[in-house]
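This report describes selected features of one protein model. Keep the sequence and the structure in view while reading.

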Amino acid sequence: MKARPTPETLAAVTAELQALFGNRAVTSEAVRQQHGHTLTVVPNQPPDIVVYPRDVDDCVAVMKLAARHGVPVVPFGTGTSLEGHVNAPYGGISVDTSLMKAIVAVHAEDLDVVVEPGVTRKQLNDYLRDMGLFFPIDPGADASIGGMASTRASGTNAVRYGTMKDNVIALEVVLPNGEVIETARRAKKSSAGYDLTHLFVGAEGTLGLITKITLKLHGIPEAISAAVCSFPTVKAAADTTIAAIQSGIPVARIELLDEVQVKAVNTYSKLSLPESPLLLLEFHGTDAGVAEQVERFRAIADDYGAGNFEWAVKPEDRSRLWQARHDSYWAALALRPGTKSQSSDVCVPLSRLADCIEETKRDIEATGLVAPIVGHVGDGNFHVLPLMDENDPEDVARVTAFMGRIVERALAMGGTCTGEHGVGQGKMKYLKAEHGGPALALMAALKQAVDPAGIMNPGKIIGA
């Protein structure tokens with residue numbers, strides 16, 4: 001078990017950081033609490049000090065100091081992750097990258113951009129809009145690009161544009177010893193050595209501190225059309241999704257909300273959607289291409305008993321619809337006031353999606369839970385949001401057991417314990433069942449090789 005820094009070590013580190021960073025090195029309890037985990041039911045474990053670097057040189061100074069004293073370093077973006085990634089179970093330094101918000105270079109002709117880690121996805125797309133470009137990864141929250149790379153984030157556009165692993169070209173990373181590396185060049189492909197970029201994408205800050213990210217960009221589509229389509233059952237909606245993807249329709253977004261989540265969204269976002277399972281859809285392309293996609297999808301949906309389509313073509317109408325989808329977490333909490341949600345996220349092969357969701361719905365009913373379902377179902381990824389009273393041990397035990405069954409069900413169907421939330425602290429216990437002992441040992445060996453002192457975000461993925 002890794003030990004927390006001694007009071008003497010912390011005093012020395014705090015004094016050095018305050019000398020280097022002045023009022024950008026903060027020890028107030030309120031700020032430290034904000035930099036521990038604050039979402040869902042993972043307990044808050046605050047760091048001992050929060051530092052706000054302005055550039056890579058500041059990050060190097062922090063890492064060298066931390067390495068010299070053997071003090072943990074926890075990277076922090078916007079704190080929107082759901083599995084305890086930003087907690088500091090062994091104390092130490094939280095490195096908040098919110099001041100590192102430069103958009104360093106846009107290479108429009110190459111369809112790429114270089115940004116610092118504190119840039120958020122909305123900030124980036126606002127900057128790119130007048131150039132006719134956009135960055136497609138949309139996890140819902142206005143997350144930082146550094147955090148999205150660290151957790152291998154995904155979101156509503158992943159079915160067409162992929163996840164962060166598909167859209168990160170290169171990284172600049174400060175290693176635990178303070179050295180700075182570039183994992184790749186801007187070339188669209190390379191076979192020069194190990195793929196270091198994707199070693200750090202999804203490493204959740206356990207191997208180094210990301211200080212620059214080179215991303216793929218896309219042209220803003222000529223035509224965008226969004227739609228709502230209701231179904232008699234969740235299975236019908238899921239089967240429609242499977243058939244549409246297998247037929248090759250290039251849907252940009254295809255999101256499932258079950259009837260419980262639709263009711264929550266209607267109340268929270270003041271909408272009037274039919275309170276039955278539904279798909280939220282978006283099609284990108286030319287006017288003719290979008291029209292063709294829509295007609296092909298409509299024909300498939302009709303075969304599964306779909307209700308009428310409701311269209312949202314105006315940008316403001318589309319924005320309202322997708323904002324309601326992104327607010328589904330907060331909407332769900334209002335279904336049972338005073339409770340918290342233990343958000344789950346699993347992903348299965350597309351052919352097993354309907355089976356997995358249907359079995360999960362039966363489990364929810366049998367267990368007596370209030371647990372809405374939402375999903376990026378175009379790639380087999382869905383979320384369950386069971387609501388529970390943290391002060392009721394029976395309620396906690398019931399939800400905990402249910403969450404374990406969701407993962408077991410996904411793994412039995414060839415899926416994963418997390419499609420996009422990441423491992424953090426919350427899902428470490430499932431990794432052996434998913435990957436096996438030898439694979440976990442290899443992960444531990446990589447961690448040991450890069451971070452022999454174990455100072456980078458300890459207690460995450462493979463433990464201390």
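## An enclosed strand

Strand β13 (residues 253-257) has five of its five residues buried, so the strand is largely enclosed by the rest of the structure. The model is a predicted one.

What does β13 pair with? It pairs with β14 in the antiparallel sense, over five bridges. In this pairing, E255 stands opposite L280 of β14. β13 is also joined to strand β18 (residues 373-376) by two bridges, and these two strands run antiparallel. Here L256 stands opposite G375 in β18.

## Aromatic rings

How many aromatic pairs does a search of the whole structure find? The search finds five aromatic pairs.

A residue counts as buried when its relative accessible area is under 20%. F297 has a relative accessible area of 0%, so it is buried. For F309 the value is 12%, so F309 is buried as well. Taken as a group, F283, F297, F309 and W311 form one aromatic cluster.

## Charges over rings

R298 lies over the face of F309, at 4.8 Å from the ring centre. F309 is also a member of the aromatic cluster described above.

R253 lies over the face of W322, at 4.5 Å from the ring centre.

## An open sheet

Another part of the model holds an open sheet. Four strands form this sheet in the order β1-β2-β4-β3, and the pairing is mixed. Which strands stand at the edges? They are β1 (25-26) and β3 (73-76), each with a single partner strand, so one side of each is left without a neighbour in the sheet.

β1 is joined by two bridges to strand β2 (residues 49-51), and the two run antiparallel. In this pairing, A25 has V51 in β2 as its bridge partner.

## A cavity

Rolling a probe the size of a water molecule over the atoms shows where empty space is left. For this model, the count comes to one cavity of 30 Å³ or more. The space in the largest cavity is about 30 Å³.

Which residues line the largest cavity? The lining consists of S150, F200, A203, G205, T206, L207, G208 and I210. By class, this lining has four nonpolar residues, four polar residues and no charged residues.

Terms used: Residues are numbered from 1 along each chain as its sequence is written. This is a predicted model: local features need pLDDT of at least 70, side-chain atom pairs count only at pLDDT 80 or more; totals for chains, interfaces and linings use all residues. Side-chain values use heavy atoms; hydrogens and water are left out. On a 1 Å grid over the protein atoms alone, a cavity is a set of points where a 1.4 Å probe fits but cannot get out, and a pocket is an open set with protein on both sides within 12 Å along at least five of seven lines; lining residues have an atom within 4 Å of a point. Grid points are joined across faces, edges and corners, and a volume is the space filled by probe spheres set on the points. Ala, Val, Leu, Ile, Met, Phe, Trp, Tyr, Cys and Pro count as nonpolar, Asp, Glu, Lys and Arg as charged, and the others, Gly among them, as polar. Rings of Phe, Tyr and Trp (its six-membered ring) pair if their centres lie within 6.5 Å; planes under 30 degrees apart count as stacked, over 60 as edge-to-face and the rest as tilted. Buried means under 20% relative accessible area, exposed over 50%, partly exposed in between (1.4 Å probe, protein chains only). A charge sits over a ring if NZ of Lys or CZ of Arg is within 6 Å of the ring centre and within 35 degrees of the ring normal. Two strands pair if DSSP finds at least two bridges between them.
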